[in-house]
Structure formats: structure tokens, C-alpha cells
Amino acid sequence: MRKVLIANRGEIALRVICACKELGLQTVAVYSEADRYSLHVRFADEAVCIGPAKSALSYLNIPAVISAAEITNVDAIHPGYGFLSENADFAEVCQASGIRFIGPRPEVIRLMGLKERAREEMKRLGVAILPGSEGILKHAAEAQEVAARIGYPMILKASAGGGGRGMRVVRDAADLAGQFTQAQNEAQAACACGDLYSEKYIERARHIEFQVLGDEHGEIEILGERECSVQRRHQKLIEEAPSPVMTPKLRKRASGALKKALKAIGYTNAGTVEFILDEDGNLYFIEVNARIQVEHPVTEAVTGVDLVKAQLRIAMGQKLHEILGGPVEMRGHAIECRINAEDPFNNFQPSPGRIEFLHVPGGHGVRVDTHVYGGYVIPPHYDSMIAKLICYGSDRRVALDRMARALDELIIRGIKTTIPLHKLTLKDPNFRRGRYSTNFVDRLLAASQPLVPPKAQELTPAPAGAPEKIEGV
Ligand code: ADP
């Protein structure tokens, strides 16, 4: 492997370019017209414009990406996360064009992409799943039958879903038919497939996921877990490794079962297996993300493994034990805060626009993955995540204290961001104690809203000549 095209944008495109450069690989960036001034375009060895701002016409446009790969004569494509990363057809087209797709085999991506089928497959292979429907629900009456069996609350999910779309929690039989239609419509609009399934909805759940790597010689390694229960609208905001509630016994048992199941599936390259942990300490499989995750840096921090380099080396045919150089253990603690261009105190409204000023923290144990810079204009067309702040420490307290310090030093002026919410979280006694579940953000916002008057800055104008008040500081 000599030259890699990165079929993505934003921070993950830069992250992949870093890994390629350190392995001596040439890089090709692709970009939409809206991303002409993005750093991934500047830092790659070559760059090809693949279409207009709209993702469907650029980053999701398979013929355009493949043409760029052919023109630049690359050997492989790294898809990052999102966009084409879990598109089995794309992986197949790469293969047929003689280009290595850096990810699992197309048939594995296809199986994992149908969440309902992945659920059945994992059950068959001995991994616990939540009680729920068997197969796709044809209509609301079928969902009613499942509810009669498993009870309320129940969650309806899009089989082809992702990013929290097409998901509805149903608490009452009277709401089921309406919620079913809404979930179906949303799934059809977002995923071009209205297929739904359902499972028991766990109150006060924790989201725990395991990082996996598989080589092309049948070896699988589980690199510990991440806790991702701080979420908004079923999407992650803060991730930690290890989970504050994981026990060595449960970790060992889950890792063993997963290793066996993934071997049987023939899983290769990087992936994440997601679980729900209930209050009684039971782990239930929910889905596999057959790609690198946004939150991979917390695992990198505690294991010392560069996961993107590992992906590239696996695709080169190297053996996992050579890449990892021995058994992998988690040491210390890492936490990541997603910095999104959105207003956490106004229903997470997106806040694109120009970054007037940016100051990025540093120092021991601090990592910032970002594609933005002072003067950068955030386009309104894509995901709102503009940076990831990752802090590492010898234990959870050290990591959290470091994160609180780094958040104070991260200054982004000109747009609204999730920084003030992260600061509140880091001060919350329950979060500090590791006592939280997926409803944490809703509760925190409900409790803190009166304390955060949205117009606070205007109420206290700075005296003339004083430094300007900075958002969230
Ligand atoms: P997506 O692929 O859209 O991200 P997931 O199946 O990964 O959907 O679920 C996203 C989030 O929704 C989880 O992290 C969790 O917060 C919540 N969730 C999903 N299934 C359940 C469940 N059965 N019980 C409780 N919460 C759930």
C-alpha cells in the first residue's frame, strides 16, 4: 500500500491523514465545494473536488469518489465514520475497482448494517440481547403483540437506522400506532428503508461499548470498553474509558463472548460493539458499528494503541499480534468532550458561522482533534461537531480535573458551542461520582436552565477597554 484516498471531511479526515503520514503513505483528500478551504484539503498530498456542498452529490456520491480514486491512482480508501463508511455497496465497488476498502468485508458490513439481523445473529452466537421482536414488524398490530409479551416501555427502532433516527420510545398502548407510523416515516426519510423492530426499553440505562480489532488472518482482539451515557437525543456528547461502573469480571465475560462471536462472523478491521447496561449489571447487545468511531481517542489514550494506524496496517495484511506487540491493557483514565457548533440551552440548535477567535488548550494529557481554525466558516451542510477535546490522567479524578481545566482554556468566539454544558457536567456531583445514565443531560438541563439566563452576556456589559466577555468563560 502506497497511497490512500480519504473519503471524508472534518476532523476524521485530518486524523486519517496524520496516521498515513506517520506510516509513510501518500494521501489524497476529496472535498465538496463548501470545503474548499478545509484543512484536510491543505494537509493531504493531493486533493480532488468531488461535487457541490450537498453530501448526496459529493461525500456520498460513489461514482465521484471512485473517479477521484482512479484519477489519483490510489491503492486504498479510508472511509472515516459516517458518509460511506458503512455502505456495503461502496465497499463492493472499491473491491471491484481493485481498490482496498479499509474496513470489514462488504458482506459483514451489510449484515451489521441491518440492525435487526445483527441482533438475531449475535443472539445465535451466544451474546445476550434484549427481549423484543423477532424479525421486522410489518405493522403496528405486530408491535402490539410484542408489547403484550415484553411489556412497556418499548423502543421502536429503524433496522437501517443510525444517529438516533427512526427511534421512538413507547410508554403506553394508546400511543403505539401513532409512534409506529412516525418512526416508520422518519426511518424511510432518513435511511431510505422504513423497516422497524422493537426491543424492551431500559430506563436509567448506561451505554457501554467495546472496541474491537480483527486482522485478515482470523485474530480478534477486544481493547476494553467505553462509557458513552452522556447523550443528547440518543447521540453521544461525552465518552470515557474505562467505564466508571465496569467490573473486571463483567469486562472479561463480555470480551470473551464477543471474541468468539466476532471470530464466527469473520470480522476484520476496526469496529465497535454497543451494549445497554441495566441497573442490575446486565449487558445487552444493541448494535455493531463496522468502522472507526468518533470516540476512538479515549481508547487510544488508555491502551496506547493508534487505532487508525492499526486499521491501515490490518488492511496491508499485517497480523494483529505484530501490530499490537503483546496483550493490550487499559491504564489510567481518558475522557472526551464533543465540541459541537450548537446551542445546548436552546434545544441544541445548530450554530454554524464564522469562528472569530480560537484558542486551543494544551499541556500534558490534553489532545484536541479538530479541523477548525480562527477565521474558519463552519458550513451549515454537515454534522455540527467541530472538535473533540480529550484528556488523559492516571485515574478518573485526574482526568476529570484536567478536562475541567482544558475546557476553561478552550475559547471559541463567534458561534454557540457545547462547551458551557460540558463545564456544567464536569461540576455535577453525580457525574463526578460516576453515577449517571442516558437521561443525565435532560436532567442536568432541566435543573440548570434557570441558572443560565441566555442573555447573561448582554445583562452585564463589559466596561470600556476591558477584554471582551467570552462565550462560556
Ligand atoms: P443509533 O444506531 O441510531 O445510534 P442505537 O441502537 O445505537 O441507535 O441507540 C442509540 C441510543 O439510544 C443508545 O445509546 C441509548 O441511549 C438509547 N437506546 C437504544 N436502545 C435502547 C434500549 N433498548 N433501552 C434504553 N435505551 C436505548
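How do the residues of the lining of the largest cavity divide into nonpolar, polar and charged? The structure described here is a predicted model, in which local features need pLDDT of at least 70 and side-chain atom pairs count only at pLDDT 80 or more, while totals for chains, interfaces and linings use all residues. Residues are numbered from 1 along each chain as its sequence is written, and side-chain values use heavy atoms, with hydrogens and water left out.

The lining of the largest cavity comprises seven nonpolar residues, one polar and two charged (Ala, Val, Leu, Ile, Met, Phe, Trp, Tyr, Cys and Pro count as nonpolar, Asp, Glu, Lys and Arg as charged, and the others, Gly among them, as polar). These residues are R9, H371, V372, Y376, I378, P379, Y382, D383, M385 and I386. A cavity is a set of points on a 1 Å grid over the protein atoms alone where a 1.4 Å probe fits but cannot get out, and lining residues have an atom within 4 Å of a point.

The largest nonpolar core has 34 residues, of which I339, I386 and F431 touch the most other members. Such a core is a set of buried Ala, Val, Leu, Ile, Met, Phe, Trp, Tyr and Cys residues joined through side-chain atoms within 4.5 Å, where buried means under 20% relative accessible area with a 1.4 Å probe, protein chains only. Elements that each supply at least two residues include strand 11 (235-241), strand 14 (333-340) and helix 13 (396-409); helices (H or I, at least four residues) and strands (E, at least two) are DSSP runs numbered from the N terminus. Helix 13 gives the most, with five residues. Contacts (heavy atoms within 4.5 Å) of F431, not counting residues up to four places away in sequence, include I238, I335, L400, L426 and F440.

In helix 14, seven of nine residues are buried, namely I419, P420, L421, H422, K423, T425 and L426. Among the elements they pack against are strand 11, helix 13 and helix 16.

S198 is placed in strand 8 (residues 196-200) and counts as buried because its relative accessibility is 0%.

Definitions and conventions:
Buried means under 20% relative accessible area, exposed over 50%, partly exposed in between (1.4 Å probe, protein chains only). On a 1 Å grid over the protein atoms alone, a cavity is a set of points where a 1.4 Å probe fits but cannot get out, and a pocket is an open set with protein on both sides within 12 Å along at least five of seven lines; lining residues have an atom within 4 Å of a point.
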